[in-house]
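Please read the following walk through the structure alongside the sequence and the coordinates.

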Amino acid sequence: MTTLVYVVLVLSVVVFVAATVARAVMYARMPLHLRWELYPVPHEAPDRAAHGGSYFESLDWWTHTERYNLVGELKAMFAEMIFLKALREFNVALWYRSFPFHFGLYLLIATVVLVLGAAVATIVVPAAMAGALGPILSVAYRVTGIAGVTLALAGAAGLLHRRLTDEKLRPYTTPGDIFNLVWFLVAFGVLAAGYALRPAGAPPTPALVAGLLTWDTTLEIPGLLAVGLLLSALLAAYIPFTHMSHFVGKYFTYHAVRWDDAVNRRGGAIERTLAEYLTYKPTWAARHVKADGTRTWAEVATTNPTEGIRK
Amino acid sequence: MTDRPKLQDMSRRDREPLIHLEPDDLKPLPAPLDDPARRHAWPPLSAQARGRYEAALDDTCAVSVPQPATPEEEQALVAKFLSGLDKLFTRENNWTFLQPLLLSMEHCAKCQTCSEACHIYEASGGNELYRPTFRSELVRRLYFKFVKHGGVLSAWQHGDIEVNWPLVSRLIELAYRCNLCRRCAQTCPIGADNGLVAHELRKLFSQEMGIAAKEIHDTGSMLQLKVGSSTGMSAEVVKDNIQFIDEETSEKTGLTVETPWDVEGADVLLIHNAGEILAWPENPGAFAVILNAAGISWTLSSALAGYDSINYGLWYDDAQFARVAIKHAEAAKKLKVKKIVLGECGHAHKALSVIADRVLTGDLNIPRESSMTLLRDIVMSGRLKLDPSRNDFPVTLHDPCNLVRLMGVVEPQREVVRAICPQFREMAPHGVDNYCCGGGSGFAIMSGHNFPDWRFQVSGRKKLEQILNAFSDCLDPSIPKYLCAPCSNCKGQFRDMLAYYGLWEENRILYGGLVELIVNAMTDVKPGFIEWEWH
């Protein structure tokens with residue numbers, strides 16, 4: 001059982017990282033699209049960002065030095081990532097369910113990091129762990145872990161309840177959506193139960209991780225906890241293949257679409273990129289497009305489809 | 001209201017509309033339109049139209065797609081739809097919007113946060129058909145099934161949908177039940193964009209199937225590329241009309257007004273929406289007064305499309321969009337102007353300033369500027385002698401979506417109005433949180449069958465509510481009120497909608513642009529530039 005848990009944990013981490021990176025790379029390699037920003041754009045100058053204005057509000061805007069308000073953007077990102085600001089502003093009923101769920105996940109990620117740190121410290125600096133560091137880390141990961149799993153479970157239950165009972169959501173809810181939330185509930189529920197009900201003498205959590213790092217298969221993982229770990233690991237591996245990977249997608253929807261107001265300057269990088277796209281050969285079939293698969297976008301865009309039609 | 005339509009109903013083979021709206025279904029309007037006596041009848045779509053065109057969606061018909069004669073014809077159309085769907089997700093065919101479209105396909109959490117932001121959904125009394133995600137969810141299911149070739153597992157995860165001609169024909173109409181204002185996208189916690197999905201659907205129908213609303217294609221972008229303007233005005237005709245406007249404006253203002261044409265080396269190439277020249281001649285006249293008084297070096301262009309800033313391709317077709325944008329830039333290049341300034345037209349602003357920024361390269365990449373910015377500079381610099389007491393009547397300001405939420409030009413027009421209109425009051429909400437006039441994305445010029453009734457009763461309803469609320473303290477007809485809308489398209493919607501509800505006749509609510517208010521306040525001009533007459 002211990003070997004199985006180790007193998008699944010390692011493979012799940014590999015799959016999660018690989019699939020997440022692959023998705024991010026796929027989006028990043030997509031062609032630069034036409035501008036499609038939405039205001040407010042938080043990296044605008046603070047006086048303009050406050051009312052949602054853009055550099056187009058300045059006379060002869062192209063003669064001004066572009067200032068990128070990084071602080072404004074970071075503040076907006078922080079509020080959105082940590083507190084789900086948009087959801088709170090526009091759908092507070094859902095926010096009461098979604099925020100605990102997401103914040104719980106953040107705390108669980110923090111727990112994994114803390115436990116991993118404790119495990120590494122146990123191997124590398126055992127003396128420090130025997131001293132003050134051990135109890136500090138122990139309290140820290142217990143607090144984040146208990147709070148995280150409680151919030152995530154409460155949030156997942158709230159989201160499932162809403163999805164099953166809200167008539168606005170039900171028609172758009174697929175069996176897959178229900179399955180996803182149930183998986184969260186079962187995985188975290190079993191994990192929490194496995195931790196809470198672990199028998200006396202069971203190895204402490206950092207020891208389990210240290211066992212994984214040293215591949216100590218003699219370590220005995222309590223059965224319920226092992227099932228919880230397996231379900232949670234498989235869930236992590238599954239997420240990047242679903243719409244729940246919006247932690248990747250959201251970066252691009254915000255930075256590459258909503259907030260992308262980058263100006264195309266003559267002779268600049270954007271212009272060079274566009275030059276390649278203008279050589280693409282579209283195959284749109286409608287007659288007025290005049291794209292037969294041999295003509296480039298540049299040719300299509302400079303063709304007047306009405307030529308030859310009598311005025 | 002009929003039962004709530006389900007996604008699967010879109011594939012229903014009968015020709016019965018999926019929904020029917022009764023007046024009681026719609027969001028109630030405030031005073032004075034809360035009076036049952038002022039409730040407007042909504043004529044049904046004629047039996048002839050229902051028999052001839054695909055009109056099985058709701059109470060109206062926007063695109064007038066003829067019903068296919070044979071099952072084989074239907075199958076061919078479905079095959080074309082699917083091939084177009086595939087092309088939307090290839091970089092060669094759709095590099096222009098591939099990334100945002102794919103992100104919206106793959107990450108919507110179906111949380112319905114966007115619904116409450118949609119003025120059409122709200123005005124309809126929350127009808128499921130008009131929920132922003134209804135359309136997007138259909139496209140999403142088609143994407144996973146036919147583009148990603150998902151099987152049973154995919155259908156289990158993403159949902160399934162049967163594709164047939166009834167579905168495609170209803171989707172054609174449904175693509176024209178969204179104003180593309182993107183207010184829904186603004187509220188999406190993940191950044192999914194239902195407005196973009198509607199836009200891309202329209203593109204698929206136009207670029208692959210040759211299907212688009214005739215007002216924006218045949219008599220829109222095609223006419224503009226043929227004669228120079230969607231109004232049908234050739235260069236000779238537009239010059240004649242502007243000369244007439246100069247004469248009228250001179251007489252009205254007491255100033256000598258001359259509009260310069262084709263001045264090589266001018267600082268500014270001003271491009272109006274040519275609809276202004278025909279429908280609201282006081283607008284180009286006022287621009288001429290202001291620019292001349294401020295000593296701006298400016299010109300109009302008589303090049304093909306150089307005198308009409310509209311670019312309807314923005315709403316439905318990338319090829320048409322790029323062609324018109326290039327014509328605009330070529331007109332500026334030919335005259336060697338320093339910058340293009342866009343007149344009072346919201347979609348023209350966004351089209352040429354924002355979207356075309358990644359179309360115009362090399363020497364076609366000529367700076368483009370909003371007239372709002374230039375006007376603010378002129379007014380606030382003190383170059384004009386202005387007397388705000390001439391504008392001492394209630395004024396409210398409409399924010400065109402393309403200018404504000406989609407381009408970030410929010411304050412310049414406000415600074416002007418605050419400076420010259422003592423009784424200015426904001427709508428709630430306003431700025432980047434504004435509501436569409438209901439005529440956006442081409443609706444204002446689409447007038448087939450009973451579609452205008454739909455846009456006055458449904459898509460324009462929320463804005464109507466805002467206008468009435470802004471003037472709630474002065475609805476008495478003895479008080480003239482001015483709805484300032486610095487956008488031709490929005491003005492077209494307001495002209496028709498205010499008349500439809502009798503709000504000029506009964507309550508003296510007039511609409512107009514920003515430049516008219518400025519000239520009305522100019523002390524060098526004879527008083528009364530704004531004529532309190534319906535036009």
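Two strands count as paired if DSSP finds at least two bridges between them; helices (H or I, at least four residues) and strands (E, at least two) are DSSP runs, numbered from the N terminus. This is a predicted model, in which local features need pLDDT of at least 70, side-chain atom pairs count only at pLDDT 80 or more, and totals for chains, interfaces and linings use all residues. Residues are numbered from 1 along each chain as its sequence is written, while chains are lettered from A and ligands numbered from 1 in the order in which they are written.

In chain B, four strands form an open sheet with parallel pairing, in the order β2-β1-β3-β4. Its edge strands, β2 (298-299) and β4 (368-370) of chain B, each pair on one side only. Four bridges connect β1 (residues 268-271) and β3 (residues 339-342) of chain B in the parallel sense, and B:L269 has B:I340 in β3(B) as its bridge partner.

Elsewhere in chain B, β7 (residues 481-484) runs parallel to β8(B), joined by four bridges. B:C484 lies opposite B:G512 in β8(B). Between β7(B) and β8(B) the chain passes through helix α21 (residues 488-500) of chain B in a right-handed β-α-β crossover (with the strands pointing away from the viewer, the path from the first strand over the helix to the second runs clockwise).

In chain A, A:T65 sits in the loop between α2 (46-49) and α3 (70-83). Its C-alpha atom is 56 Å from that of A:G211, 146 residues apart along the chain.
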